Amino acid sequence: MAFLMDYVRSFAVFQYHRRTTSQLKWLVVFLFFFIHGLDVVFCQARYSIAEEMPEGSFVGNIAKDLGIEISRLISGKARVVTKGGRQYVELSRDKGTLVVKERIDREELCKQTTPCSFSFDLIIENPIQLHRVIVEVQDINDNAPKFPKAYVNLKIIENTASGTRFPLDSAVDMDVGVNGIQSYALSPADPFKLEVNNQADGSKRVEMVLQHELDREERHELKLVLNAYDGGSPKKSGTVEIHISLLDVNDNAPVCKQTLYKVEVRENSPVGTVLTTVNAVDADGGVNGKVSYSIGQANEAARNAFEVHSGTGEIALLERLDFEKENSYALYITAMDIGTLADTCKVVIDVVDENDNSPTIQLMSFSNTIAENSPVGTTVAVINVEDADSGTNGIVQCKINNNIPFQIQSSYSEYYVLITDEILDRENIAEYNITILVSDQGSPALHSNKTLTVKISDVNDNPPDFTSDQYRAFITENNSPGVAVLAVKAIDADWGPNARVSYFLEESDVMGNPVSSLISINSDSGLIHAVRSFDYEQMKSLTFNVTARDGGSPPLSSEVMVTIVFQDQNDNAPQVLYPVQTGGSVVTEIVPRSADVGYLVTKVVAVDVDSGQNAWLSYKLQKATDRALFEVSPQNGEIRTVRQVTDKDVVKQKLTVVVEDNGQPSRSAVVNINVAVADSFPEVLSEFTDIVQDKEYNDNLTFYLVLALAAVSFLFITCVVVIISVKIYRWRQSRFFYQSNLPVIPYYPPGYTDTGVTGTLPHMYNYDVCMTTNSRKSDCKYSTLGGQSVLVVDQSFTETLQRAMKEKELMEDPESPDVQKPPNNDWRLPPNQRPGPSGAGARPEEAGAGAVGGTGPWPNPPTEAEQLQALMAAANEVSEATATLGPRYNAQYVPDYRQNVYIPGSTATLTANPQQQMPQQALPPPQALPPAEAPKAAPTPASKKKATKKDKK
């Protein structure tokens with residue numbers, strides 16, 4: 001009940017405000033329903049607003065009108081709820097008012113319905129209150145009357161009876177009430193009047209009523225304007241144009257403009273010549289006003305000589321006329337419309353005698369070229385004129401075309417002279433076409449003409465003329481030498497050599513330098529080039545004169561001033577004036593710890609010698625020990641504190657300020673400033689003693705890191721390239737040994753001696769291992785020394801071949817005395833205990849058939865046993881190389897000289913060391929191989945002699 005009393009009180013207040021407020025267009029209907037357990041209040045409010053109000057416009061104070069506190073609206077989360085459609089009004093809780101949320105168009109909302117309104121609910125929670133609000137939208141005059149069509153076309157017969165009605169379409173106005181259509185007006189009011197009748201449904205019917213008959217001959221069309229007005233303030237109107245076309249009735253007969261036509265025609269007029277045109281007018285229009293023409297009355301000669309066009313009334317010749325036969329004709333022409341109405345006119349044609357002989361022109365003398373400086377009165381041509389006619393038709397008149405500097409004069413009867421009348425100028429007109437016109441005085445006069453072409457030769461009377469009074473060009477500084485700056489152009493009105501223009505620079509000094517050292521000009525084209533690069537800071541502009549001279553005699557010339565303006569380029573970096581940094585020293589500024597925010601530490605002063613925007617400088621702090629402590633003004637370079645200096649701030653503060661200009665690309669300068677946050681100088685001095693060393697270390701660290709990275713990258717790439725190259729080289733070598741099919745020609749170099757070595761084998765030899773291609777893939781083992789199919793090519797080719805054949809015979813005949821015998825055991829004895837020591841051995845001739853002569857400077861020729869020992873040592877080296885280097889140098893591909901080696905004077909046979917034969921598993925046992933012949937030394941004169949003795953033995 002307490003809530004009910006409160007609501008009644010609020011309703012009373014609402015009623016009071018309703019009566020006292022200026023908005024008396026709302027009504028509140030109170031409904032109260034009390035249901036146990038549910039506390040709901042239903043109220044209704046009505047407001048009235050005009051359409052097209054802007055957003056935010058005031059609708060009503062709902063809190064005041066309903067007696068609701070604003071705090072209640074806020075706590076109760078008051079809101080506007082619209083069931084379907086658009087929400088045109090919203091609630092402002094903090095003010096308790098309703099305002100327009102969206103523009104309201106009454107015509108769109110309600111069409112022609114009146115009154116027009118929309119409703120929404122205002123809901124308040126805790127407890128729930130529901131208020132229905134109805135807003136009536138008042139119409140404003142925002143729409144003008146509009147006709148369905150902008151133009152109306154009507155066709156009316158001219159004899160239409162008066163009082164005939166012609167209905168028109170009514171206009172439509174979307175507004176209602178007084179803003180709707182109120183009246184119509186028709187202008188002009190004659191010959192129609194406007195009647196507007198109201199219909200049962202409220203609409204208006206508009207009709208035009210004809211007041212009197214119309215005459216199409218007076219006016220063939222009418223243009224009326226119908227206006228519709230509404231009752232708004234201000235009034236609005238709509239317009240439709242009415243175009244009335246009058247349809248014709250055949251009620252007028254054709255009338256000839258002239259009753260008599262007189263025409264004269266020359267006797268030699270061609271067939272088809274139109275003599276005259278008969279014209280008749282019919283006031284009717286359309287097909288009723290179309291007139292046709294015909295010859296009504298004429299004699300036979302006239303009908304055969306003339307014809308009349310039925311549509312146009314033109315009278316033309318059908319045949320040539322002869323004045324001597326007939327000199328006059330009479331014709332009667334009938335003009336008739338589409339009906340039976342007609343009119344008649346008379347045409348009289350007179351034939352005129354014709355002058356049928358033309359004058360003739362003959363040149364007696366003519367000069368087709370004259371100089372432009374020829375004096376006035378110079379004779380150009382002498383002309384003779386004749387006419388074969390007599391009397392008036394034979395009198396001749398001669399003249400030339402106008403507006404040329406020539407005239408024609410009569411000298412004798414029938415003779416005329418063409419002379420110059422003015423000073424000639426070839427530059428204006430280089431050639432004249434003179435037309436000589438001759439006519440007689442006949443009727444009509446006959447004419448003849450002849451055209452003469454006179455050319456004017458050139459004289460050098462015009463200097464070159466530059467296309468501009470002065471030239472001005474712009475070039476950016478730091479240009480490339482030889483760059484084209486601009487081209488001057490001079491035109492000479494003369495012709496030929498007189499018009500050939502050359503360009504030259506006028507000698508002058510610019511800043512102590514001749515102008516030719518700065519710029520050059522092409523004498524033919526006038527193109528100006530820069531000789532060197534210019535600096536804007538040294539020279540802002542360059543002014544000089546160019547002379548243009550033609551090729552005439554004497555030559556004529558003219559001058560023009562040329563100005564080259566140099567444009568600045570951002571080629572100078574800013575220069576720091578303060579603080580000054582010289583010799584690696586850095587300026588140190590002291591900031592007391594009591595400095596406030598905005599304390600001026602120092603000011604960076606810099607200048608840029610460039611100009612314009614290239615000289616606009618800006619400052620920024622690039623690096624700082626504590627960025628939160630200092631800032632740099634970008635305009636004036638002042639360094640100030642950003643915050644209060646505290647005791648926690650370090651004493652040594654390093655600032656790096658970048659001064660950058662506004663050029664493209666921009667240039668900059670860097671200045672380093674040390675700031676000491678301290679109150680005493682000794683504290684500052686102790687903190688900044690190592691500043692130079694720290695600066696140099698930081699500057700060089702980055703350079704060394706980049707240099708080391710580049711060196712490591714280069715070495716890595718080099719190693720990769722080398723490894724790949726070696727792999728490719730070995731692969732190609734292996735393919736060569738695997739796949740080559742070339743024949744092998746082994747070469748055995750001669751032995752050499754080494755006198756500096758002592759021991760059992762004091763002599764050293766060179767051996768070449770000769771293998772065939774694809775030998776690595778073969779399982780063949782050498783059973784004899786050398787191959788029977790191998791041919792050794794050296795200087796003793798013939799002897800080698802014979803020796804090879806002999807060795808083949810020895811192999812086939814084992815019992816031959818030349819076959820090698822088993823050696824004895826004397827080879828195991830020391831050299832001084834052997835029979836016939838090598839140190840005191842006999843000469844090679846006394847050593848027996850098995851001895852081999854040395855080729856080097858031996859103290860005593862070596863015995864054959866010593867040579868065989870050297871061969872065994874070489875074989876041992878080959879075996880060791882095989883174990884070390886791999887299968888490529890396996891001894892199985894080389895004849896083993898250690899087996900079945902015969903030593904002269906001994907019955908023993910040398911065999912390989914069992915320990916050395918262990919790695920050679922691929923070799924068969926020594927006894928399985930056939931006896932191998934001992935290798936022979938390279939052929940020398942001594943060896944050849946021994947071989948001969950041995951062969952004989």
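How many bridges join strand E31 to E32? Select residues 431–440 for E31 and you'll find nine bridges to E32, with the two strands running antiparallel.

Before going on, a word on what you have open: this is a predicted model, where local features need pLDDT of at least 70, side-chain atom pairs count only at pLDDT 80 or more, and totals for chains, interfaces and linings use all residues. Residues are numbered from 1 along each chain as its sequence is written, and side-chain values use heavy atoms, leaving out hydrogens and water.

Strand names come from DSSP runs (E, at least two residues), numbered from the N terminus. Strands count as paired if DSSP finds at least two bridges between them.

**Stop one: around E32**

Stay with E31 and E32, which make a hairpin with six residues between them. Click on Thr 435 and look across to Thr 451, its bridge partner in E32.

**Stop two: around E7**

Jump to residues 116–124, strand E7, and show E4 (residues 79–81) as well: the two pair in the antiparallel sense over three bridges. Pick Val 80 and you'll see Leu 122 of E7 opposite.

Next, bring in E8, residues 129–138, which pairs with E7 in the antiparallel sense over nine bridges.

Key
Helix = DSSP H or I, 4+ residues; strand = E, 2+ residues; numbered from the N terminus.
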